[in-house]
Amino acid sequence: MITVNRHYADLKDSYLFYNIAQKTGAYLDAHPGTHLYRMGIGDVSLPLCSAVIQALHAAVDDQGDKLRFHGYMPECGAPFLREAIAGYYAEKHVVLSPDEIFVSSGASDELGDILDLFDPKSTALVMEPAYPAYVDANVIAGRNIVHLPAGEENGFLPEPDENIQADLLYICSPNNPTGAVFSREKLQAWIDFANKHGSIILFDAAYEAFIEDPALPHSIFELEGARTCAIEICSLSKTAGFTGTRLGYTVIPKELVRQGMHLNAMWVRNRTTKTNGVSYIIQKGGAAVFTPQGQKQIRENIQIYKSNAKVLMGALDKLNLWYCGGKNAPYIWMRCPGGMTSWEFFDVLLQKIQVVGTPGAGFGTCGEGYFRLSTFGDPADTKEAARRLTELLKNHA
Ligand code: PLP
């Protein structure tokens, strides 16, 4: 009889979003018609920009025309999109060859699939609190996981130390859920560590477009030594509202070699075996993001989320509550007031002011006592949520 992958039994149930849905559902049953101020969402709320919509329409028309029709696309991505992404990196002074860029259907897919490149016996290091997919993808592969806790003392940006033994190092910057961003110096320390120990960094740059401080790195490849130790995984989900349209990209430099094997070539082999490429239509829509008009329009949308961040940070500043994130990331990570646990705080906000956020405990044990506020919500709702938060907590602070 077939033996299934028993590691699935080792996965811990994630009750986070299920519990949130249960609790908000129960509240709405008891208080029908109540409007909830949703500050927990990890999805975007603004539609695709017009440059993308026009490109998608034109690509749909191409598919109906005998001369312009496209069948299977190249598995690793259409040259026009790989070149457009290389141009985007060049603006950050990162020189990439288009064949170091792999077009994907999104960062989630890649974060799971990329593990095909590594021995299941290797060890993965996850800095916590963390985006839950990192842990789960490695549990499914049966990989040993080292949890590296982060906290207020290091600004939720842990530093390497020589006692760490890990092969795969996950770094998410700007971070979900904490919104913390690695400085060049702090990121360099991890690059030096990885090169010294032969580890590989999986750099999740899904929120790079939210960085506004010019001193902070958008890409790990802005730093010296990254080409011999890092893979960067990025997505247009939050950058350009592609959560439901699906498009991302992964950078694997040609110099990334372990045991004499070139990871770029291995990934070409993987993609040509396991995918038939991303749809022509979606890749055309994605390429429009990298045009001057597309860049202008997506930045306008990001500014709307950033205005939400300012409103929420303003409320927390007034209340004198500790938080990080918000400035260079779409998430704000706040300490729960009065020593409340994150679920206690969730309940207070829901019951007293109808604001829904995300309890930090859902992102790993060191997220307990913290709470994530998202800036992807509706601006009017965000203002009202901030007003209610200020009113509720003014005596707590
Ligand atoms: N990485 C991080 C840190 C995320 O927060 C998310 C989505 O919320 C993703 C990756 C997944 O992005 P995608 O929509 O491209 O799958």
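An oxygen atom of the ligand is 2.9 Å from an N or O atom in the side chain of Ser108. That is a polar contact, meaning a pair of N or O atoms within 3.5 Å; within protein, one must be able to donate a hydrogen and the other to accept it, and residues adjacent in sequence count only if both atoms are side-chain atoms. This is a predicted model, in which local features need pLDDT of at least 70 and side-chain atom pairs count only at pLDDT 80 or more, while totals for chains, interfaces and linings use all residues. Residues are numbered from 1 along each chain as its sequence is written, and side-chain values use heavy atoms, with hydrogens and water left out.

For Asn176, an N or O atom of the side chain is 2.7 Å from a ligand oxygen. For Ser235, a polar side-chain atom lies 2.6 Å from an oxygen atom of the ligand. On its own the ligand has 400 Å² of accessible area, and the protein covers 92% of that; these areas come from the Shrake-Rupley method with a 1.4 Å probe, and for residues only the protein chains shown count as cover.

Which residues come nearest to the ligand? There are 15 around it, and the nearest are Ala107, Asp204, Tyr207, Ser235 and Ser237. A residue counts as near if one of its heavy atoms lies within 4 Å of the molecule or strand in question. By type, the shell has seven nonpolar, five polar and three charged residues. Here Ala, Val, Leu, Ile, Met, Phe, Trp, Tyr, Cys and Pro count as nonpolar, Asp, Glu, Lys and Arg as charged, and the others, Gly among them, as polar.

Helix H4 (107-113) and helix H7 (237-240) each supply at least two residues of that shell, and H4 gives the most, with three. Helices (H or I, at least four residues) and strands (E, at least two) are DSSP runs, numbered from the N terminus.

Now the pockets. On a 1 Å grid over the protein atoms alone, a pocket is an open set of points where a 1.4 Å probe fits, with protein on both sides within 12 Å along at least five of seven lines; lining residues have an atom within 4 Å of a point.

Where does the ligand sit? In the second largest pocket, by the test that more than half of its atoms lie within 2 Å of the grid points. About 470 Å³ of space lies in that pocket, a volume being the space filled by probe spheres set on points joined across faces, edges and corners. Its lining has 26 residues, with Ser108, Tyr131, Asn176, Tyr207 and Lys238 nearest the centre. H4 provides the largest share of this lining, three residues.

The largest pocket holds about 620 Å³ of space. It is lined by 21 residues, and those nearest its centre are Lys12, Glu128, Val135, Gly362 and Gly364. Helix H1 (16-30) and helix H5 (133-140) are the elements that give two or more residues to this lining, and H5 gives the most, with three.

Last, the backbone. Glu128 is joined to Pro129 by a cis peptide bond, omega near 5 degrees, and Pro129 lies in the loop between strand E3 (123-128) and H5. The bond from Ser173 to Pro174 is cis, with omega near -5 degrees; Pro174 is in the loop between strand E5 (168-172) and helix H6 (184-197).
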